[in-house]
Amino acid sequence: GTKRQFQDSLLASTGGLAVLAAVLAAVLAAAAAAWSQVPWAASPEEAARGIRLQDLGQRLDLAIRLRSAARYAKAEAIFGAAAKLADSLLGEDDPRSIVVRRDRAVNLAALGRHEEAAALLRETLACSRRRWGDEHVETAASRADLAAVLVQLSAHAEAEPLYRQAFDVSRRLLGDAHPRTIEACLGIAQVLSRQGKELRSE
């Protein structure tokens with residue numbers, strides 16, 4: 001009786017393992033088929049580029065997490081390397097390169113390096129205008145980011161039109177209640193107050 005139970009148990013285990021092996025084989029076959037259809041896997045060069053793009057994403061994610069933890073100096077080293085990698089892989093007008101530079105500029109401002117942040121944001125705004133034109137939410141965001149840094153440099157007269165342009169585009173494309181529209185409106189109020197002007201209803 002015990003021997004028969006052992007044999008039945010062994011058969012059941014063997015059958016279970018066979019089913020598991022079949023399932024794994026099917027999964028591996030599906031994965032191989034999917035991999036063969038990935039565009040950048042067509043050549044070793046494209047595969048290498050894909051790996052470098054993945055590395056770029058991982059670096060940017062780490063830098064953002066470090067910035068969120070107020071570890072700005074360490075984040076800056078990674079942002080700097082990520083920006084160079086993005087420019088070399090994608091070109092400076094690629095949306096991902098623009099995002100990397102904007103994120104780096106925000107981190108520079110957090111370090112108190114406002115002049116560097118402003119210079120980088122001027123470049124980012126120029127790239128945004130070339131990529132998307134003036135009537136685009138990302139260009140508006142670049143203007144608002146630059147205006148915010150200029151406020152820190154007490155360049156209120158230069159920041160005001162940037163905030164106004166960002167507000168106008170954000171309001172048209174995103175609506176009055178969108179956070180970007182509200183932030184731009186608050187920015188206008190701030191620069192007007194610091195210049196001794198009054199905020200009029202738009």
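What covers the buried residues of helix α4? The cover includes α2 (44-68), α3 (72-90), α5 (114-132), α6 and α8. The structure here is a predicted model, in which local features need pLDDT of at least 70 and side-chain atom pairs count only at pLDDT 80 or more, while totals for chains, interfaces and linings use all residues. Residues are numbered from 1 along each chain as its sequence is written, and side-chain values use heavy atoms, with hydrogens and water left out.

Start with the overall picture. The protein chain has 8 helices and 0 strands, so its elements read α-α-α-α-α-α-α-α from the N terminus on, where helices (H or I, at least four residues) and strands (E, at least two) are DSSP runs numbered from the N terminus. Of the 202 residues, 32% count as buried; buried means under 20% relative accessible area, exposed means over 50%, and partly exposed is in between (1.4 Å probe, protein chains only). The accessible surface of the chain comes to about 12000 Å², and 57% of that belongs to carbon and sulfur atoms; these areas come from the Shrake-Rupley method with a 1.4 Å probe, and for residues only the protein chains shown count as cover. As for contacts (heavy atoms within 4.5 Å), residues 24 or more positions apart account for 54% of those with a separation of 6 or more.

Back to helix α4. This helix takes in residues 95-110, 16 residues in total, and reaches 23 Å from its first C-alpha to its last. That is close to the 22 Å expected at 1.5 Å a residue, the expected span being 1.5 Å times one less than the number of residues. Its buried residues are S97, I98, V100, R101, R102, D103, A105, N107, L108 and A109.

Helix α6 is worth a visit too, and T139 sits in it. T139 is buried because its relative accessible area is 0%. Leaving aside neighbours within four places in sequence, T139 is in contact with L125, S128, R129, W132, G133 and D134.

Next comes the loop between α6 and α7, which holds L153 and S154. L153 counts as partly exposed because its relative accessibility is 30%. Beyond its neighbours within four places in sequence, L153 touches H114, E115 and A118. The C-alpha atoms of L153 and H114 are 6.9 Å apart, although 39 residues separate the two along the chain. S154, at 52% relative accessibility, counts as exposed.

S154 also has a phi near 65°, a positive value in a residue other than glycine. Most residues other than glycine have a negative phi. A70 has a phi near 65° as well, and is placed in the loop between α2 and α3. With 47% relative accessibility, A70 counts as partly exposed.

Finally, the largest pocket has a volume of about 230 Å³. On a 1 Å grid over the protein atoms alone, a pocket is an open set of points with protein on both sides within 12 Å along at least five of seven lines, and lining residues have an atom within 4 Å of a point. Grid points are joined across faces, edges and corners, and a volume is the space filled by probe spheres set on the points. The lining has 14 residues, with A144, D145, R180, E183 and A184 nearest the centre. Helices α6 (137-152), α7 (156-174) and α8 (179-194) each give two or more residues to this lining. By type, the lining divides into 8 nonpolar, 2 polar and 4 charged residues, where Ala, Val, Leu, Ile, Met, Phe, Trp, Tyr, Cys and Pro count as nonpolar, Asp, Glu, Lys and Arg as charged, and the others, Gly among them, as polar.

Notes:
1 Å grid on protein atoms, 1.4 Å probe; cavity = no way out; pocket = protein on both sides within 12 Å on 5 of 7 lines; lining within 4 Å.
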